Amino acid sequence: MNLHNSTHEQLLSPRGTRASEQPISQLMSAALANPGIISLAAGFVDNATLPLEFVSEAAQNVLSDTATGRLALQYGTNNGPQELRQAIAQRNFSNNADDLADRMILTAGSNQLLHLVAECVFDEGDIVLCAAPTYFVFLGLLKDMGVRAFGIEADDQGMIPESLDQGLQQLASNNELHRVKSVYLIPYCDNPGGSTVPESRRHDLIAVMNKWQQQSPILLLVDNAYRDLRYSGEDIPTLTDLGADPELTVESGTFSKNFGPGIRVGWGVMPRWLFDSARRFKSVIDFGSAHLNQQLMLNILKSGRFDEQVQRLQTAYAGKLQVMLEACDTHLAGIPGVEYRRPIGGLYVWLELPPGVDAGSDSPLWKQCIERGVLYVPGEFCYPSEGAAVRKNTIRLSFGVQPESQIRDGIKLLSEAITAVMNPANV
C-alpha cells in the first residue's frame with residue numbers, strides 16, 4: 001500500500017499540524033555545519049562546572065542502603081516526595097512553606113511545568129502577555145497551542161508596569177480582556193534580556209495585576225529559573241512573598257541552571273484549583289517525574305552540596321560575564337548606535353544595534369558572522385508577534401559555554417561583522 005505523506009498527515013491534530021521547528025534547531029544546525037564556530041548562542045551551562053563529584057556522592061548515599069536504594073528506584077508519587085517539596089519551599093519562600101509545599105508539583109525541568117500550566121489553562125485563541133523580549137521556547141509553546149503572545153515593553157529592569165497596564169487597557173478596549181489568561185514574567189536575570197526586576201517594580205507589577213484581576217481572572221506565571229545565578233547585590237523576594245494573589249499566581253523553578261540540567265528536576269507552586277487539575281493531567285503523562293533524580297536532589301540539598309555548587313557557579317559565571325562585558329567595552333562600545341546591558345547575573349548579555357541594522361537569521365550580519373566564525377541568537381526570535389514591536393536589530397549573547405578566550409575572540413569577530421555591515425564600502 002503506497003500512500004502519500006499528505007494522506008498520512010490527515011491523521012495529525014490541529015496542534016500536531018501547528019507544531020513548528022524551534023529556533024534552537026536552526027542555531028544548532030548552523031553550529032554543526034560549522035564545527036570551528038564560536039557559539040555565543042547556546043544557553044547551556046559550562047561542562048567544567050557540572051557537579052560530577054556531588055552527584056556521585058549523592059548516588060552513593062542514596063543507593064548504598066538497600067531499603068532507600070530500592071525506594072529511590074521504585075515509582076514515586078505524582079507530586080514528588082513531600083520532603084523535597086518542603087526543602088524547596090523553605091529555600092525559596094519566606095512565608096507559609098508548608099502550604100506552598102502542599103501546592104507544589106515536581107516536574108521534569110521547568111519547561112514541563114510551563115507545559116502543564118498551559119495545557120490546563122490556555123485554549124486556542126487565548127492571550128498571554130509577555131515581556132518584549134522573552135524566553136523564545138515559551139513563545140514556541142504558545143504558538144504551537146494556538147495561543148496569542150502579546151508583547152509588553154521591557155527595559156533593563158524587566159517588564160514595565162505602565163506598559164503592562166496600557167497593554168491590558170488596549171486589549172480591554174478591543175473587547176479581548178476575557179481572552180487574556182496570563183501574564184508571563186521572568187523576574188530574575190531573565191532569558192534573554194538579562195534583566196532583574198527590582199523590588200519596587202515588583203510591587204508596581206503586583207498593583208497592576210490586582211487592578212485588572214478585579215475585572216477578569218488573569219494568572220501570573222512566574223519563571224524563577226535564574227534566581228540563584230546572581231553575581232552582585234542582594235537577593236529579592238519572590239512575587240508571592242511580596243503579596244501577589246496566591247489564588248492567581250504560579251511560581252516555578254528548576255535545578256537545571258543552578259545545578260545540573262541532566263538531573264531534570266523542576267517545580268511549580270500553584271493555586272489549589274490549578275494544582276488539582278495539573279496533578280491529574282500529569283498523572284496521565286508519567287505518573288510522576290523520575291523518582292531517582294528527585295531522591296538525588298533531596299540528598300544534595302540536605303548535605304549542603306547544593307549551596308556549594310551555587311557558589312561555584314556564581315564565581316565561574318561572574319568571571320565570564322566580566323570577560324564578555326570587557327570585550328564589549330573594547331570592541332563594541334566605539335561603534336555608533338551599539339548598546340548593551342550590564343546584567344547582575346544569569347547567562348546572557350542583550351545587545352541592541354542601530355535601528356537600521358538587521359540581525360535576523362537571514363540578514364547580511366548573520367551571514368557575515370557565520371563566515372567569520374561566530375554565532376549568536378537573533379533577538380527577533382524573542383519577541384511576541386503582537387503588542388510591542390519586534391526589534392530585528394537585537395542580539396542575545398551567551399557566555400555560559402565558551403571559555404574566556406573564546407568569549408573575547410567571539411565578541412571581536414562580532415564587532416568586525418557589525419562594522420562590515422555598517423560600512424560595506426570599507427570591506
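Modeller: Grid points are joined across faces, edges and corners, and a volume is the space filled by probe spheres set on the points. By this rule there are four cavities of 30 Å³ or more. Please keep in mind that this is a predicted model, in which local features need pLDDT of at least 70 and side-chain atom pairs count only at pLDDT 80 or more, while totals for chains, interfaces and linings use all residues. Residues are numbered from 1 along each chain as its sequence is written, and side-chain values use heavy atoms, with hydrogens and water left out.

Biologist: What volume does the largest cavity have, and which residues lie nearest its centre?

Modeller: A residue belongs to a lining if it has an atom within 4 Å of a point. The largest cavity has a volume of about 120 Å³, and it is lined by 14 residues, with N92, D228, T254, N258 and W267 lying nearest its centre.

Biologist: How does the lining of the largest cavity divide by class?

Modeller: The classes are simple sets, with Ala, Val, Leu, Ile, Met, Phe, Trp, Tyr, Cys and Pro counted as nonpolar, Asp, Glu, Lys and Arg as charged, and the others, Gly among them, as polar. On that basis the lining of the largest cavity has six nonpolar, five polar and three charged residues.

Biologist: Which residues lie nearest the centre of the second largest cavity?

Modeller: They are A131, P133, M159, I186 and D190, out of a lining of 14 residues, around a space of about 90 Å³. The strands β5 (158-159) and β6 (180-185) each supply at least two residues of that lining, which by class has eight nonpolar, four polar and two charged residues.

Biologist: How should I read a pocket, and what volume does the largest pocket have?

Modeller: A pocket is an open set of points with protein on both sides within 12 Å along at least five of seven lines. The largest pocket has a volume of about 550 Å³, and of the 23 residues that line it, G43, N111, Y135, Y226 and K257 are the closest to its centre. The helices α8 (110-121) and α9 (136-144) each give two or more residues to this lining, which divides into 12 nonpolar, seven polar and four charged residues.

Biologist: Which domains supply the lining of the largest pocket?

Modeller: Domain bounds come from an automatic or database domain assignment, and here they give domain 1 (7-50 + 308-426) and domain 2 (52-303). The lining of the largest pocket draws at least three residues from each of them. The C-alpha centres of the two domains lie 25 Å apart, and, taking contact as heavy atoms within 4.5 Å, 40 residues of domain 1 are in contact with 49 residues of domain 2. Buried area is the accessible area (1.4 Å probe) that two parts lose on being put together, summed over both; for these domains it is about 3700 Å², with 56% of it on carbon and sulfur atoms.

Biologist: Where does R264 lie, and what is its phi?

Modeller: R264 lies in the loop between β8 and β9 (266-269) and has a positive phi of about 55° although it is not a glycine. F287, in the loop between α12 (272-285) and α13 (291-303), is likewise a residue other than glycine with a positive phi, near 60°. For accessibility, buried means under 20% relative accessible area, exposed over 50%, and partly exposed in between (1.4 Å probe, protein chains only). R264 counts as partly exposed because its relative accessibility is 36%, whereas F287, at 57%, counts as exposed.

Technical notes
On a 1 Å grid over the protein atoms alone, a cavity is a set of points where a 1.4 Å probe fits but cannot get out, and a pocket is an open set with protein on both sides within 12 Å along at least five of seven lines; lining residues have an atom within 4 Å of a point. Helices (H or I, at least four residues) and strands (E, at least two) are DSSP runs, numbered from the N terminus.
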